[in-house]
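Welcome! Take a moment to look over the sequence and the 3D view, and then we can walk through some of the details together.

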Amino acid sequence: MDFLVVQVLNGLASASALFLVASGLSIIFGVTRIVNFAHGSFYMLGAYIAYSLSERLTGAVPGGFWAALLLAALAVAALGGLIEITLLRRIYRAPELFQLLATFGLVLIVEDLVPMIWGPQDLLGPRAPGLEGAIDILGTPFPAYDLVLIALGPLVLLGLTVLFRWTRWGVLVRAATEDREMVAALGVRQGWLFTGVFVLGAFLAGLGGAVQLPHASVNHAMDLQIIVEAFVVVVVGGLGSVPGAYLAAVLLGVLNALGIVVLPGVSLVLAFVVMAIVLVVRPWGLLGRPDAAAARSPTVVDETASLRPMTRGRRDTVFVLALILALIPAFAGPYVVGVISEMLILALFATSLHFLMGIGGMASFGHAAYFGLGAYAAALATTHLGAPMPLALALAPLTAGAGAIVFGAFCVRLSGVYLAMLTLAFAQIVWSVAFQWYDVTGGDNGILGVWPAAWASSPKVFYYVVLVLTGSGIVALRRCVFAPFGMGLRACRDAPMRADAIGVDRARFQRRAFLLAGAFAGLAGGVYAFLKGSVFPDVLAIPLSIEGLVMVLLGGVQTLSGPVVGAGVYDLLQVSLSTWTDAWRLIVGLVIVALVVAFPRGIVGYARERLAPLLETADGEPPTTGKR
């Protein structure tokens, strides 16, 4: 019993830092509608800056250690304000997911800057002065500093409550959370309100990282670890609800602490199971309220954009490109052939995600689940069942499609950010199972020895296998867009009430969209397993899902060729830069940020917008700005 009490206290201590980060994320989303993926980077920077400041101030000035924690949070807040003014303010009018793309670019930049400044090794900060020891709780020693953390959460909650209820600025923030258009109509300067909210959110994230200094080591993986948990807390508590964030942080903190002891085999999956249950039963969270803005798809597809089949001239262009791709093995070496094979696989993966987002209007933050299911299905069939490569490749889309049917049945009951977060929850559940089911999946050691059959073992032959499968998949998805099913799906996306009124079964269309997108993503995953010769849990993880979003948005979510171009550009940047410099994430991040600012409609969208007035279509039709 005493052990369980101490575990609960450990959970409460972890919950405080989690609440600090999640409350800032919730406040920022509630007002600005930004899905701020860089919030974990603010948390990490808070910890690193606190480390540097504490090294200089602890013992040098009275209260130097505590001053270092506060100054670190203030420094992160100033950085957040600078980012909001110089970057995010420029793209508030762009589709909402472009802001996620910009913040993902910031994540990449910070990931490389941190080891450059502080080195790659983990750092251990000083103990909190006066709180170095432990106290006895039911016969078990418990760190004294953790009691401070436990008290910090309610104190910050009280401070935020006072700020939002009894100050004019807080009232304006609450008003903007409810109806920011009305706040703007009343003459409130939204720009500075948004900046203030972003600064406050960054301060809370920085403080959350700084107070971790005596509690845990400081490392450059902190950002992705905390951002996933913070998203779970925000969704479970309710988007924009600070008390909800605290309740959810306590619930998940205690659940994690007890889960490690009681259910160690499934401890990683517990939080995401809770999130999935909450989203299905109460989509707006434990203490949140139904929010029409949050329920609206963050994709923000331009409903006036027209999608038309290819003209004859463009079909000829695609044929020439396909011919060039077919001739590449005759001139290129195995390395180049392998790189282009990977680009083709990612192009199919991005196209399948685009089918769900751009055509179906359903943003997914967990599309890697289907890619990974396909990869694991192919790998397990090959290594455990001895299946030949064609059969293993056939099982990949079948398995991923089956998963998509199950997940989609729950997801289509939601919309907007809630739907996107439920896809994230399902993807993390699948990742947790793959990571912890060691006997079958090999855990983090993965599955090795997934090589092509003897007849396809040559890189050139396997390249043609990849080209045929991925090319066929992309063409099939494109044809679906202009089939009656695709027309109906777009009608459900653009005019859901009208579709309901004329008797269209919206849920059935959306479930089928999940099935198609999942199956083709699974096919990409199966081919990827044979290309790499191995499968690891990374193919199911959040970074791959986010990279898929980056590819789609980079190319242009309102175009059909955008995902292919975006996947090619993104993978080419990664591969070419990583062979040239260790700081490739920094450069890719800068490029992404620059592209978001310069091309808010994506590369293909921008090109069509600029070039359409200058070109005539090959069949003599007048030029259009129609997106395809």
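## Salt bridges across the chain

In this predicted model, Arg 585 is partly exposed, with a relative accessible area of 29%. Its side chain meets that of Asp 112 in a salt bridge, at 3.6 Å from N to O. Because Arg 585 belongs to helix H24 (residues 584-598) and Asp 112 to helix H4 (residues 96-118), the pair ties together parts that are 473 residues apart in sequence. Asp 112 counts as buried, at 6% relative accessibility.

A second pair joins Lys 532 and Glu 342, with 2.7 Å from N to O. Here Lys 532 lies in helix H21 and Glu 342 in helix H13, so parts 190 residues apart in sequence are tied together. Lys 532 is partly exposed, at 37% relative accessible area, while Glu 342 is buried, at 13%. Salt bridges with shared partners also link Glu 111, Asp 112 and Arg 585 into one network. The count of salt bridges comes to six, including one between Arg 89 and Glu 84, whose closest N and O atoms are 3.6 Å apart.

## The nonpolar core

How many residues does the largest nonpolar core have? There are 211, and those with the most contacts inside this core are Leu 160, Phe 355, Phe 365, Tyr 570 and Ile 592. Among the residues that Phe 365 touches are Val 35, Leu 97, Ala 420 and Leu 549.

Leu 160 is also one of the contacts of Leu 200, together with Ile 27, Leu 163, Phe 164 and Trp 169, leaving aside neighbours within four places in sequence. Leu 200 sits in helix H7 (residues 190-210). Is Leu 200 buried or exposed? Leu 200 counts as buried because its relative accessible area is 16%, and the cut-off for buried is under 20%.

## Two helices to look at

Helix H9 (residues 242-262) has 21 residues and reaches 30 Å from its first C-alpha to its last, close to the 30 Å expected. At its start, a side-chain oxygen of Ser 241 comes to within 3.0 Å of the backbone nitrogen of Gly 244. Gly 244 is one of the buried residues of H9, and so are Ala 248, Leu 252 and Ala 257.

In helix H19 (residues 484-494), the buried residues include Phe 485, Leu 489 and Arg 490. The buried residues of H19 pack against helices H13, H18, H20 and H21.

Strands S1 (residues 134-137) and S2 run antiparallel, joined by four bridges. Ile 135 has Phe 142 as its bridge partner in S2. Two residues lie between the strands of this hairpin, where Leu 138 takes a positive phi near 55 degrees. In S2 (residues 140-143), Thr 140 and Phe 142 form the covered face, while Pro 141 and Pro 143 form the uncovered one.

Key: Residues are numbered from 1 along each chain as its sequence is written. This is a predicted model: local features need pLDDT of at least 70, side-chain atom pairs count only at pLDDT 80 or more; totals for chains, interfaces and linings use all residues. Side-chain values use heavy atoms; hydrogens and water are left out. A nonpolar core is a set of buried Ala, Val, Leu, Ile, Met, Phe, Trp, Tyr and Cys residues joined through side-chain atoms within 4.5 Å. Buried means under 20% relative accessible area, exposed over 50%, partly exposed in between (1.4 Å probe, protein chains only). Contact means heavy atoms within 4.5 Å. Two strands pair if DSSP finds at least two bridges between them. The expected span of a helix is 1.5 Å times one less than its number of residues. A polar contact is a pair of N or O atoms within 3.5 Å; within protein, one must be able to donate a hydrogen and the other to accept it, and residues adjacent in sequence count only if both atoms are side-chain atoms. A salt bridge is a side-chain nitrogen of Lys or Arg within 4 Å of a carboxyl oxygen of Asp or Glu.
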